[in-house]
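Please look at the sequence and the 3D structure shown below, and then read the briefing beside them.

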Amino acid sequence: MKVIIASQNPAKIAAVESAFNLAFPNDTFSFEGVSVKSGVPEQPMSCEETKQGAMNRVNNAKIKLPNCDYYVGLEAGIEGNSTFAWMIIDNGLTVGESRSSSLPLPPQVIDEVKKGKELGDVMDEQFNTDNIKQKGGAIGLLTNNLLTRTSVYQQALILALIPFLHPTRF
């Protein structure tokens, strides 16, 4: 089965691959990351905006590559002083969705994001890292790598897969 991931971010792709392979150990999948627009600002600043970005990514991936088995949109955002992500999974018949755990951000990070900077860029500046958003993410930095962007997203993706694991109930 073909799974289209509406992102080319390696951390997001790894999370999707891991979640699908854990949820469906007897199925074989091919995964492809594609670049599509979210239709929201580079740094979404509300729960609603973040969820809309994930849904837009799914819909844009369906247009770009029609007739695939699953489409997955992931969008990270900020609300208040926390960051999180929305996961949307669509197979044309069913839509599963889940929000990841929220991660508190330091006040100086929030201040810079409110000035219009993207979270990943702020984290790179303040923690002297390079392209952290495609690696462990802010989550990895702030948890001393006890959790990573991939590990937290994997958990939320498994929750979004529940309607597909139990199709007669949804």
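Predicted model: local features only at pLDDT ≥ 70, side-chain atom pairs only at ≥ 80, totals over all residues.

Residues are numbered from 1 along each chain as its sequence is written, and side-chain values use heavy atoms, with hydrogens and water left out.

**Helix α4**

- Helix α4 spans residues 119-127, and L119, G120, V122, M123 and D124 are buried in it; buried means under 20% relative accessible area, exposed means over 50%, and partly exposed lies in between (1.4 Å probe, protein chains only).
- Helices (H or I, at least four residues) and strands (E, at least two) are DSSP runs, numbered from the N terminus.
- Just after α4 comes N128, which takes a positive phi of about 55°.

**Strand β4 and its partners**

- Strand β4 is largely enclosed by the rest of the structure, because 8 of its 9 residues are buried.
- β3 and β4 run antiparallel and are joined by 9 bridges, and two strands count as paired if DSSP finds at least two bridges between them.
- V72 stands opposite I89 in β4, and I89 in turn stands opposite G96 in β5.
- The hairpin of β3 and β4 has 2 residues between the strands, and G80 takes a positive phi near 65° there.
- β4 also pairs with strand β5 (residues 95-99) in the antiparallel sense, over 5 bridges; in the hairpin of these two strands, which has 4 residues between them, G92 takes a positive phi near 90°.
- A further antiparallel pairing joins β4 to strand β6 (residues 103-104) through 2 bridges, and there the bridge partner of S82 is P104 in β6.

**Salt bridges**

- The structure holds 7 salt bridges, where a salt bridge is a side-chain nitrogen of Lys or Arg within 4 Å of a carboxyl oxygen of Asp or Glu.
- One of them joins the side chains of D90 and K62, at 2.7 Å from N to O. D90 lies in strand β4 (residues 82-90) and K62 in helix α2 (residues 47-64), so this pair ties together parts that are 28 residues apart in sequence.
- In this pair D90 is buried, with a relative accessible area of 8%, whereas K62 counts as partly exposed at 27% relative accessibility.
- The side chain of K117 meets that of E112 in a salt bridge (3.1 Å, N to O) and that of E125 in another (3.2 Å, N to O). Salt bridges that share partners join E112, K115, K117 and E125 into one network.

**A nonpolar surface patch**

- L159, I162, L165 and F170 form a nonpolar patch on the surface, and together they have about 370 Å² of accessible area.
- Patches are made of residues with over 30% relative accessible area and no salt bridge, where like charges are joined within 9 Å and nonpolar side chains (Val, Leu, Ile, Met, Phe, Trp, Tyr) within 5 Å.
- Accessible areas come from the Shrake-Rupley method with a 1.4 Å probe, and for residues only the protein chains shown count as cover.
- L165 is found in helix α7 (residues 162-165), and L165 is partly exposed, with a relative accessible area of 33%.
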